[in-house]
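These are my notes from a careful look at one model. I wrote them down in the order in which I looked things up.

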Amino acid sequence: MPMTLRRISLAACAVLALALGWQGGAQAQGTIRIGMTAADIPLTHGQPDQGFEGNRFSGVPLYDALIVWDLSRADRPTPLMPGLATAWQVDEHDRTRWVFKLRPGVVFHDGSPFNADAVVWNVRKVLDRDAPHYDPRQVGLTASRMPALRRAEKIDDLTVALITNEPDSFLPYNISNLFMASPSHWQALRAQNPTAEATWNAFAAAPSGTGPFKLVRFVARERVEYVRNEAYWGQKARAERIVLLPIPEANARTAALLSGQVDWIEAPSPDSLDQLRSRGFLITQNVQPHIWPWQPCFVAGSPLADVRVRRALNLGVDRDGLKQLLGGLMVPAVGTVQPGHPWWGNPDFHIRTDKPEARRLLAEAGYGPNRRLALKVQISPSGSGQMQPLQMNEYIQQELKEIGVDVEFDVVDWNTLFGNWRQGCTAASARGAHAINVSISTMDPFFAMARFYDSRMAPPVSNNWGFFNDPKFDEMIRVARNTFEPAARDAALARLHAASVDEALFIFFAHDVSPRAMSPRIQGYVQPQSWLVDLRLPYIP
Amino acid sequence: MILYLLRRALYAIPIALAVGFVCFMLVQIAPGDPINAIVPPDAPGDVVEQVRRDYGLDKPLPVQFGLWLFKVVQGDLGRSLATGRSVWSDLSTAIGNTLMLAVCASLVGFIMGCTLGGLAGTFRGTWLDRAATGIAVAGVSVPHYWLGMVMVVIFSVQLNWLPAMGAGPGGSSDWAWDWEHFQFLVLPTITLSVIPTGIVTRTVRGIVAEIMNQEFVVALRGKGLTRMQIFLHVVKNAAPNALAVIGLQLGYLMGGSILVETVFSWPGTGLLLNSAIFQRDLPVLQGTILVLAMFFVALNLIVDLIQAALDPRIKRA
C-alpha cells in the first residue's frame, strides 16, 4: 500500500511537472524575449517608426549612426560618443560645414564596407528627392529630427562633410537619428524589385546595418528575431539572440511575463507592480529625457499669457501626490531637465508646492474667490509617452481647484491631439484651449527647447503651439546654435533653460521613468537616463 | 441556381462600393490625420506637407477615393501608410489567423449550443432546461474580453497550463496542428465561443421546443419510434435555422473579435483593424473592412445555399 501511494504521488508530480513545463520548456539560454508596447514591429529599414521605442528596438540594435549615445551607465545624463565617426568638427571658415572622420574597418551585415560613399548615400535617401533610393516614408521619420542638415559630400573614403542650411551646433545630436543602412545590400535587392519602394520593403524584411545584432527572422506584426553580430566593430553583445514581440495591451504583456512567455516587458501596468515584485520579477526605472507638461497658449486673451498665472499653476500642484498616484513611477519635474543636467542652469524661480504663494500670484493677476480662473486644456486619454494622462490630469484638476482654478478638459484621441499640436492654439482644432498636454522627448536641445521658445518655430513650422514670441529667447537660441565648443554650448543652453523656468514657459509636472519588468534571470542590464537601451549588455547566463 | 448565384454576386458589387465609400468618408470626417501614420508628432510643418504630397494625401478627396477604387478593381488594395507593406499581404495572413480562430469558436459554439439548446428544448421546464438557459444567458451577458482576462489569470498566470498570448511558439507563420501550437488557440477559442454558444443555445431551444409541439412528432411517437429516433427527426428539422444562426455568428466573429484578439495578442483582422484605427492607416482600414464585408456577403450566400440543400421547402428562384 505505501508503495502504491508513492507511485501515485510520483505520477502526480510528473503530471504537474509536465503541466508546468509546457511553457517553461520554450525558454532558451542566452535568448532574451521582450514584450514591446508597439502594436507592430517598428520599421526595420533603418529609420524606425513608433517613436523612440522604434529606435530602441529596431534602430540601435541593427544600425549605428555617426554619433551614438553612450548607454552604458545609469547614474548620469546620457552623453553622446563616437559611433561610426571617430571625430568631427565644424569648419572654422564655414560654420555650415562639418567634417566627420569615419571609423575604419567597419562592415555592414552583408559584408560590404562602411565608408564615405555609404554616408552620402544614407543622407540622400531622405534629403535628395532625385536619388534613386529616395524614400518618402523615411523622410517623415528622419528629416524632422535633422532640421538643419541639407546634404553630404565625400572628401575621401573615410572623411565626409555634412552641410547645414545655417550654423547649427545641435547637429551632433540630430545625427544620432540617421542610421546607416547598407547601399550594397539595397542595390542587390533593387535588382530583384520593381520600384525603390518595393526595394525598401524587401530591405526591411532582410535589413543590413552595422549594428551589434543581425535580423534573422521577421514575421510581420508578430515577432522579429536578432542574433549577435560576431563581426561587430565595437563591444559585442552578450546575449545570443533577442526576440521582440509586439504586445500592445498592458495586461497581456504582464500575463506574458508572469506565465514565462517573455523575459522582459516594457511598461507593465501599474496595477500589476506589486504582484510582479512578489513573484520575484525586477521592476527597473530611471529618469528619462522626457517632460509631461502643459504647454500654454501665449496669445492675447489667454490667461496663460500672464507669467504670474503660469507661475501660480506651477506652484499649485503637489507633485509628490502625483507620484504617489502613479505608484512611484515618475520624477517630479522642476524644469525641462533635472537639476544636475548640463542644461539645468540654476533658475531663480523654484518650482515647488506653495499654494499660498500660488493664490497670491493669482490675486495679483486679478483672480480670486469672486473671479475664479477658468482654463481649458486639450488632453488625450492615452498615447506614446503620455503616461497615465486621464488620471494625472484629473489629479491636477483637483489640486488646482484648491487655489481657485477651474480646469475643463477637451479630451481627444492621441492621433488627433498631436495633429492639433502642429496647428497652434489659434487654430479651430484647439477649440479654445489655453494649454495642451503633449509629452516631449528632451534628448536633443532642439526638441527639448528650441522648437517651443523660438518665435520662428510657430505653426506650421514646428511645435511652438502657444505662439510664444520673445526676442530675448530668439537671441538665446541663436547664440546656443552658434556656439560650437560643447561646454560653451551647454552653458548657453543652461541659460536658455533657466530663463524658460523663470518665465514658466511650461507648467512642468513629471518626468517619465520608463518602467520595465524583467525576469531575475536577466543579468547585466543597465537602464540609462535615455529612451534607448544598449541591448549588448543584458544576457541570460 | 446559376442565375441565382450570379444575381447574388452582382448584389455584392454595390455593397462593396458602399462599404468602401462609407469607410473612406468615416475616416476622413473623424478627427485626426492619416499623415500621422507616417510622420512623428514633432515633425515640422514643411516635412509634413512634403510627405503629404509624396503620398498623394494632398489631392481632393474624390480623387483619392477614385484612385483607391481604380486599384481595388485591379485587385490591388494598396500599401499600408505606416509600414509600406502590401495591405493584402498583411490582410491575408490576418484573415487566415482570424478564420482559424472564428471557425474553432463557431464549432465550439455550434456543438455546445446545439447540445444545450437541444436538451433544454427537449426537457423544457426541467432543471436541465433552466441550467442550459442560465448558461445561454450568461454567455451573451458576460463581456468576453473580461472572461478572456480572467482565464489568462487562472490558466496562464496561476496554473501556467496554457500560453497567455500569441499564435504559436514561433508566430503564426509556422503554425502546425500539434499540441505545441494548438495550446495557443485554446483560451481565445473558448473566450470567443461564449457568445455564439449562448445565442445558438437560445435559438435551438426555441426551435426544438416548437418542433416538439408539432403534430408529426406525435405521429412519430404513435408509430413507436424511440426517443433517439424522434430526436434525429427533430434535429433534421431544426438544422437549417441553427445553421443560419451559426453562419451569421461566424461572420460576426470574423469582424468582431477586436477585443479578444487584443487581449490575447492574436494576430488577426481584429488586431490589424485596431492598430489601423489608432494610426489612421487608411489603406489598411479600407482594405480590411472591404474584405470582411465581402466575406460576410459570401458567408450569407453559402449559408442560404446550405439551408436550401438541407430543407427542400426553401426554394431559390
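Is the crossing of helix 6 of chain A and helix 7 of chain A right-handed or left-handed? I found that this crossing is right-handed, where right-handed is said if the near helix is turned clockwise from the far one by less than a right angle, and left-handed if anticlockwise.

I note that this is a predicted model, in which local features need pLDDT of at least 70 and side-chain atom pairs count only at pLDDT 80 or more, while totals for chains, interfaces and linings use all residues. Residues are numbered from 1 along each chain as its sequence is written, and chains are lettered from A, and ligands numbered from 1, in the order in which they are written.

I then looked up the axes (lines fitted to C-alpha atoms over the stretch in contact, with angles from 0 to 180 degrees between N-to-C directions) of helix 6 (residues 183-190) and helix 7 (residues 196-205) of chain A, which come within 9 Å and cross at roughly 120°. Helices here are DSSP runs of H or I with at least four residues, numbered from the N terminus.

Next I listed the contact (C-beta atoms, placed from the backbone, within 7 Å): A:His185, A:Trp186, A:Leu189 and A:Arg190 come from helix 6 of chain A, and A:Thr199, A:Ala202 and A:Phe203 from helix 7 of chain A.

Last, I checked pLDDT, the predictor's confidence in each residue from 0 to 100. Chain A has a mean of 91, and 95% of its residues reach 70 or more, but pLDDT stays under 50 over residues 1-29 of chain A. Where pLDDT is low, the predicted coordinates should not be read in detail.

For the two chains, I noted that the contact takes 47 residues from chain B and 51 residues from chain A, and that helix 2 of chain B gives the largest share of the side of chain B that touches chain A, six residues.

How values were computed. Helices (H or I, at least four residues) and strands (E, at least two) are DSSP runs, numbered from the N terminus.
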